[in-house]
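Reader: Hi! Could you walk me through this one? I'd like to talk about strands, then about how the chains meet.
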Amino acid sequence: MTQIEKTPLRDDVISLEDGLLGIVCTACRRHSFPQRLLCLHCGSDQVENVSLPEQGRVCSWTVVRQAPEHLKTPYTLVTVDFEDGNRVLGAAEGNVRIGSPVTVELYPKTVDESGNSQWWYRFREVEEFNE
Amino acid sequence: MSETFIAGAGMVRFGKYPADITLENLAVRAAREAIADSSAAPADIEAVYMGHVFGGPVAGQRVAVQLGLGGLPVSNHENYCASGATAIREAWIAIKAGLYDIVLVIGAEKMTDRVAGGVMPDPADLDAINGLVMAANHGMSARRYMHDHGATREQIAAVAVKNHAHSVHNPYAQYQRPISLNEVLDARIIAEPLGLLDCSPISDGAAAVILCSKAGLAKLKIGSAPRIAGCALVSGKVVSSTSGLNDEDVSRRAAEQAWNISGYGPKDIDLVEMHDCFTIAEIVRLEGLGLIPVGEGGVWTENGNTSLGGKLPVNTSGGLLSRGHPVGATGVAQICELTWQLTDRAGARQVEEARLGLAYCKGGTVSGTDGGSVTVLMVER
């Protein structure tokens, strides 16, 4: 039996070691998410790969109760603001509110054709940030 | 550069049509109405522009041939819910450039046999993986708007009550009965805090207009017709964590472009056809355009300022919430409504002495940005 492997669902978005992935532009100094060839703000190709902070704050949230069939309802979605300037959408666990601190959490989302688990990100509400 | 006029407008009633009423059938019926309204003969038409999203390859050509217009230049335009408005803008550009004098623009969509549970971003977009149904975006917008401005759930729901009250008088609207505030508040939740009646329906429908240059009007022996004062188109930009969730910078930029093209400003607008795909969207977009003060949209709606007879009537047609929202047809249906208003043919929903109307569409989302496409079209008497 072959070993079941853990892989990122998309390796431009997360790494299993570093969490959410992004870029910082050496021309305009701005950050964007996820990893891309060019800076989303200025189009420069002078970009460096970085990872996003592990924690952010909820800008807003909703619980989705109706969605196309392939999505299992209900689920919570949040918009999260990070100190590096990124604003990222994702699913959330826990009792989120506007202003709630959340951490980035990786979890097995789907299984590919070879039986490998494909990992993705979501946010988890925490009481306060870890220093 | 030639000015552009609306020589004819026509549409089919929006709603849920059976399977044998096809996209082509809906589009042909709307186009026939617009052509008849302009008194053009098929041979007068020089080009066809078609806005649609789910119609498949060369839908415009499939329709044109059924209209006896095979052989003409036909182009298809996709900008999600702004597709119809984008098709009008392309036709406006061609007439301004002097290429044509008389063209047909159609917006058409058959959705009820191919979309269920809500529309989504393209599967390749990051937001689709996260399950971002459009309603979720607007649920988050509503939650933040209430938090920032102290707006009430009732004020947001009042948008649906108002727009349904308007379309009681619109024979082309999908829904033609009034609804109560409690019906909106008690409807089942789709994406908190928004319920079913905060959301525009999944609809079938088509709308069409005949656009003309001055020479085209003369050829059709039309003395006067509403003039397109400008068509703006912008796309979304990357947002940062320091901006407000409801900043609506994309709407502000579209408005700025529209004012620059037309020479008009927010105070000149007499009525608005607003892309109210969700109740909260009408409020934040009106604010983004600078038509009403930021944070006051809820109060404005509650007080009747945006109702027929109010300071700034918005969505006399019923809007997307009540006229219905066949996505590619909506932008053209908005221009049909402005045409009827500006030629005093809007019946019981007529805005007295309306001279200048604005129509706004927003199409699609792109992960990390403040939108896909936004159009602002202005039509004057």
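Author: Happy to! One term to start with: two strands pair if DSSP finds at least two bridges between them. Keep in mind that this is a predicted model.

Reader: Good. In S5(A), what is the bridge partner of A:Leu21?
Author: That is A:Ser51. S3(A) and S5(A), residues 47-51, run antiparallel and are joined by five bridges.

Reader: Which strand does S3(A) form a hairpin with, with five residues between them?
Author: S4(A). In the turn, A:Arg29 has a positive phi of about 70 degrees. The two strands run antiparallel with two bridges, and A:Val24 has A:His31 as its partner in S4(A).

Reader: And how many residues are in the hairpin from S2(A) to S3(A)?
Author: Three residues join them. S2(A), residues 14-15, pairs with S3(A) in the antiparallel sense over two bridges, and A:Ser15 sits opposite A:Gly19.

Reader: Is S3(A) enclosed or open?
Author: Largely enclosed by the rest of the structure, because seven of its seven residues, 19-25, are buried.

Reader: Switching topic: how much do chain B and chain A bury between them?
Author: About 2700 Å², with 60% of it on carbon and sulfur atoms. Chain B gives 30 residues to the contact and chain A gives 34.

Reader: How many salt bridges are there across that interface?
Author: The rule finds one. B:Glu192 forms it with A:Arg65, and the closest N and O atoms are 3.0 Å apart. There are also 18 residue pairs in polar contact between the two chains.

Reader: Which element gives the largest share of chain B's side?
Author: H5(B), with six residues. By class, that side has 15 nonpolar, ten polar and five charged residues.

How values were computed:
Residues numbered from 1 in each chain as written. Chains lettered and ligands numbered in written order. Predicted model: local features only at pLDDT ≥ 70, side-chain atom pairs only at ≥ 80, totals over all residues. Heavy atoms only, no water. Buried < 20%, exposed > 50% of the residue type's maximum accessible area, 1.4 Å probe, protein only. Helix = DSSP H or I, 4+ residues; strand = E, 2+ residues; numbered from the N terminus. Contact = heavy atoms within 4.5 Å. Buried area = accessible area lost by both parts, 1.4 Å probe. Salt bridge = Lys/Arg side-chain N within 4 Å of Asp/Glu carboxyl O. Polar contact = N/O pair within 3.5 Å; in protein donor to acceptor, adjacent residues only side chain to side chain. Nonpolar A, V, L, I, M, F, W, Y, C, P; charged D, E, K, R; others polar.
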